[in-house]
Amino acid sequence: MYQNNPETFPKHFLWGGATAANQIEGAWNIDGKQLSDSGCIKGAGTGSIADTLDNATRQSLQEAIDDPSADNYPKRRGVDFYHHYQEDIKLIAKMGAKAFRISIAWSRIFPHGDEAQPNQAGLDFYRRVFQTMHEYGIEPVVTISHYEMPVGLTMKYNGWASRQAIDDFLRYAKTIIDAYHSQVKYWLTFNEINTGLTGFHETGATEEDLTTEDEKLQRRFQALHHQFVASSLATKYLHEVDPTCRMGCMLAKAITYPATPNPKDALAAQQENQLTLFFTDVQVRGEYPNYMNRYFADHNIHIKMATDDQMIIKKYPVDFISISYYHSDVTAAKEGQTGFASNCEHVHNDYLEETPWKWSIDPDGLRMSLNELWDRYQKPIFIVENGMGTTDKVGADGVVHDPYRIAYFRSHIKATKEAIKDGVSVIGYLVWAPIDMVSNSTSQMSKRYGLIYIDLHDDGSGTMKRTPKDSYYWFQRVIKSNGQELD
Ligand code: BGP
């Protein structure tokens, strides 16, 4: 039967903001916490993920473990949310947020990852954080693993490359589900799980002992397989403990366009898109898709699976899909090369503007991504990250005037509204980020995303004072009008 699509955002739409423990908390060695992988990554300056996060080695990690200061490791410092959480949540509440996404630092709960008992001080911290959110009527959204695992587990058995990580993760996941299921209804297992395709940063497994690209891919896909199983088992447990809770997967959704109408470019783009959708195919449909058999054969990848793994993945898929969306990509087929998704290279999109960090700005890509995911799975979609990282200047009046950020959000919220009119079920939109924080990929403070400015700089100087930017007041109006007032 035909029926009209909704004209606008649904009534209980989850407007709000998102963060990650390793980028905001600081307090890296306080109240029993030990280091996580992310606390062992140096600042990259203007570098890229490849220069920093994915090139960690056992030696670089050991040097970091032996270094007792936060000077070279900005994620140890964060923006001291650990001591500012009440003030930050109050400001986020005043903005009108209905939902606030944080992640739990695994190493605050199980400091080295293999303890038999959790760290009570860590558990108490998040209980207080969720309590504060509820006092302001804010719905917590929790990522169980956001780009970090206790570095102890990387050193002990090379992170997710080892099957042992499934058991250690489950002990941690069950502990926090037991502790918070009455406070937290929306859970996500692994942040941007598809970034595990580039290695250490997401898998916690170093690769210095490997030489060829295919050997590295073998390790990454094995690690990701362990995460798929762990994610399904965590979903199973969540539903057993509390059927009112919902588990989501989390995908870094970047749509890839072909560079030209040449079918070779279109094929390259299709394969790149499949490499992203593979993750939701597994986590939502519960099956490894056939096209990946081809990819695994082309790259000589053999994933070791235990007898029940495929059954577990099939039986316990996620309840909803969550995505981050920042930009789109363009791909061109490379002359003379064959092999699934190794025959292409990224090229510039001349139709789009970019941020100073060269991320394209493409709201239509968000609308297409939402349609694509809805068509493929018919599961509710939660946008749990969208935003613009750029430099900000504090004005003479002490406030950041950021029309560029407002323009970015406006265009992406409009695109979301269009997708809803297209018939897509979108349940929420969280900005990245309500507060400034240390950048994930470059560890800079100067790459700012926040609607609230934090006076902290790349060299660690600053008062940590929090001040709303113009975008904060703009978003306040957006939320108040449930997305009607966007100008
Ligand atoms: C996503 C991550 C976040 C976040 C954001 C912005 O990939 O989930 O952790 O930081 O991107 O990225 P960046 O800080 O690298 O600019």
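This is a predicted model: local features need pLDDT of at least 70, side-chain atom pairs count only at pLDDT 80 or more; totals for chains, interfaces and linings use all residues.
A residue is called buried when its relative accessible area is under 20%. By this criterion, 61% of the 487 residues in the protein are buried.

The protein contains 17 helices and 13 strands. Its radius of gyration is 21 Å, close to the 23 Å that the globule rule gives for 487 residues, so the protein is as compact as a globular protein of that length. Along the principal axes, the C-alpha trace spans about 60 × 55 × 45 Å. Among contacts with a separation of 6 or more, 77% come from residues 24 or more positions apart.

One pair of helices can now be followed in detail. Two packed helices are described by the angle between their axes and the distance between the axes. Helix H9, residues 164-180, packs with helix H11, residues 213-241, at an angle of about 25 degrees, and their axes are 10 Å apart. Angles under 35 degrees count as roughly parallel, and H9 and H11 are therefore roughly parallel to each other. The crossing in which H9 passes H11 is right-handed.

Which residues make the contact? From H9 come Ile-166, Phe-169, Leu-170, Ala-173, Lys-174, Ile-177 and Asp-178. H11 contributes His-226, Val-229, Ala-230, Leu-233, Ala-234, Tyr-237, Leu-238 and Val-241. Sorted by class, the contact of H9 with H11 has twelve nonpolar residues, one polar residue and two charged residues.

How values were computed
Residues are numbered from 1 along each chain as its sequence is written. Side-chain values use heavy atoms; hydrogens and water are left out. Axes are lines fitted to C-alpha atoms, for helices over the stretch in contact, and angles run from 0 to 180 degrees between N-to-C directions. Helices (H or I, at least four residues) and strands (E, at least two) are DSSP runs, numbered from the N terminus. Angles under 35 degrees count as roughly parallel, over 145 as roughly antiparallel, 65 to 115 as roughly perpendicular and the rest as oblique. A crossing is left-handed if the near helix is turned anticlockwise from the far one by less than a right angle, and right-handed if clockwise. Contact means heavy atoms within 4.5 Å. Ala, Val, Leu, Ile, Met, Phe, Trp, Tyr, Cys and Pro count as nonpolar, Asp, Glu, Lys and Arg as charged, and the others, Gly among them, as polar. The radius of gyration is taken over C-alpha atoms; the globule rule is 2.2 Å times the number of residues to the power 0.38. Buried means under 20% relative accessible area, exposed over 50%, partly exposed in between (1.4 Å probe, protein chains only).
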